[in-house]
Amino acid sequence: MQKDINGLRIHVMPFSEIKEMGISERVKKILNLVLGNKIIILHGRLRAEEEARLIEDTMAMVDHVKNFKGIELAVIEPDLKGEGIFVKMKHGIAKRLIGDSSSLTVIGPAAVIKDIKKDPRKIELLLK
Amino acid sequence: MIKILKNFSRRILGALFRKKSNIKVGFYGPPNSGKTTLANIICKDWTGQEIGAVSHIPHETRNVQFKEKVEIEHKGKKLTFKIVDTPGIATKIDYEDFLKHGLSKNESKKRAKEATQGIIESIRWLDDMDAVVIVLDSTENPYSQVNITIIGNLVARKIPILVVANKIDAKKSNTKRLEDAFPEYEVVGISARDGTNLEEFYESLFKLAKKV
């Protein structure tokens with residue numbers, strides 16, 4: 001799903017859109033959208049090795065694509081601190097069954113997003 | 001039966017000896033957090049030679065650099081390390097940032113190109129590490145995705161981690177914020193610039209080595 005908000009092109013991506021893909025395909029899809037100047041809001045999060053691969057491939061692109069300076073990447077997780085063991089267990093089981101859809105990942109071109117400021121409870125996009 | 005047991009114990013002891021004799025410790029973190037400054041102190045103290053150049057301009061280290069057989073003695077115990085200093089990992093590189101530090105356009109573009117290669121190299125070396133010291137600038141917000149991505153990759157590879165909160169000599173330093181961000185790991189506050197708390201660092205480094 002794509003939305004234009006104040007000239008910003010936002011691609012809202014349900015996890016199902018990349019669920020069946022391998023690591024290379026996922027990273028390629030994300031980078032293609034970012035190179036099209038879109039900000040991606042992914043329902044879920046990538047695995048650590050996929051994030052590392054995304055950084056690697058981004059760096060290779062910075063080297064080869066004119067005016068591409070890289071990405072901004074941030075994940076916001078639900079704050080389960082202070083929740084009871086039952087809620088934490090439920091969250092853990094849901095994570096295993098349907099993927100980590102309770103997290104949100106924001107990925108965008110560094111030239112569009114100046115910075116993503118993050119603390120454990122909130123996320124803030126500082127736009128150029 | 002005795003022969004089998006003998007072979008088995010020789011193999012196990014051999015593996016342990018090999019592992020402990022030259023522990024590969026990687027220094028990872030974002031750019032300008034003080035990885036090379038810390039690696040230099042260690043290498044200078046125990047081999048008489050530094051590992052690499054330092055600068056206030058980000059991405060000074062653009063290649064993985066290492067020092068073999070660094071024998072460190074702490075409280076009567078000796079361990080030998082291979083110290084691996086890595087380029088800072090970032091998700092963006094803009095050559096214009098280097099212009100602000102007084103570099104020419106050509107120098108800046110060259111530095112940016114080398115920095116992107118350095119980041120790729122850093123990530124690829126993760127697989128080779130026995131243990132990792134994550135060096136963070138204690139004046140900066142620790143909740144950056146790069147820090148979390150590095151730690152996530154080390155956890156996935158079951159590589160032991162020590163977090164160093166560097167620059168505790170700076171006014172804005174906040175070691176507590178780092179401890180809160182990474183409660184699962186030991187966080188040791190140091191100043192690599194003036195050598196504050198290095199004894200505590202070596203204590204933690206030896207504890208880290210035990211986990212290898």
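Predicted model: local features only at pLDDT ≥ 70, side-chain atom pairs only at ≥ 80, totals over all residues.

User: What makes up the contact between chain A and chain B?

Analyst: Chain A gives 22 residues and chain B gives 16 residues. On the side of chain B, the elements that give two or more residues are helix H4 (105-125) and helix H5 (145-156). The residues on that side divide into seven nonpolar, six polar and three charged.

User: Why are S2 and S3 of chain B called paired strands, and in which sense do they run?

Analyst: Pairing requires at least two bridges. One of the facing pairs is B:His74 opposite B:Lys77 in S3(B). The two strands form a hairpin with two residues between them, and B:Lys75 in the turn has a positive phi of about 50°.

User: What makes S1 a partner of S3 in chain B?

Analyst: Strand S1 (residues 23-28) and strand S3 (residues 77-85) of chain B share five bridges in the parallel sense. As at least two are needed, they therefore count as paired. B:Gly26, for example, has B:Val84 in S3(B) as its bridge partner.

User: Which residues touch the most other members of the largest nonpolar core?

Analyst: They are B:Ile83, B:Ile134 and B:Val164, in a core of 74 residues. Strand S4 (residues 131-137) of chain B supplies the largest share of this core, six residues. Beyond its neighbours within four places in sequence, B:Ile83 is in contact with several residues, including B:Val25, B:Ala39, B:Ile42 and B:Phe66. In soluble globular proteins, nonpolar side chains tend to be buried together.

User: How do you know that the length of helix H7 of chain B agrees with its number of residues?

Analyst: Helix H7 (residues 198-210) of chain B has 13 residues, which at 1.5 Å a residue should span 18 Å. The C-alpha atoms at its ends are 19 Å apart, so the two values agree.

User: Why are the buried residues of H7(B) said to line one face?

Analyst: The buried residues of H7(B) are B:Phe201, B:Leu205, B:Leu208 and B:Ala209. Seen down the helix axis, they fall within an arc of 100°, so they line one face. They pack against S1, S3, S4, strand S5 (161-166) and strand S6 (187-189) of chain B. The face turned away from the buried side carries the exposed residues B:Glu199, B:Glu200 and B:Lys210.

User: Why is A:Asn67 called exposed?

Analyst: A:Asn67 has 7, so it is exposed. A:Asn67 is found in the loop between helix H3 (48-64) and strand S4 (71-76) of chain A. Its phi is near 65°, a positive value in a residue other than glycine.

User: What makes B:Lys158 buried or exposed?

Analyst: B:Lys158 has 7 other C-beta atoms within 10 Å; with the limit at 12 or fewer, B:Lys158 is therefore exposed. B:Lys158 lies in the loop between H5 and S5 of chain B. Although B:Lys158 is not a glycine, its phi is positive, about 55°.

Definitions and conventions:
Residues numbered from 1 in each chain as written. Chains lettered and ligands numbered in written order. Contact = placed C-beta atoms within 7 Å. Helix = DSSP H or I, 4+ residues; strand = E, 2+ residues; numbered from the N terminus. Nonpolar A, V, L, I, M, F, W, Y, C, P; charged D, E, K, R; others polar. Core = buried A, V, L, I, M, F, W, Y, C linked by C-beta atoms within 7 Å. Buried ≥ 20, exposed ≤ 12 C-beta atoms within 10 Å, placed from the backbone. Expected span 1.5 Å × (residues − 1). Arc of directions from axis to C-beta.
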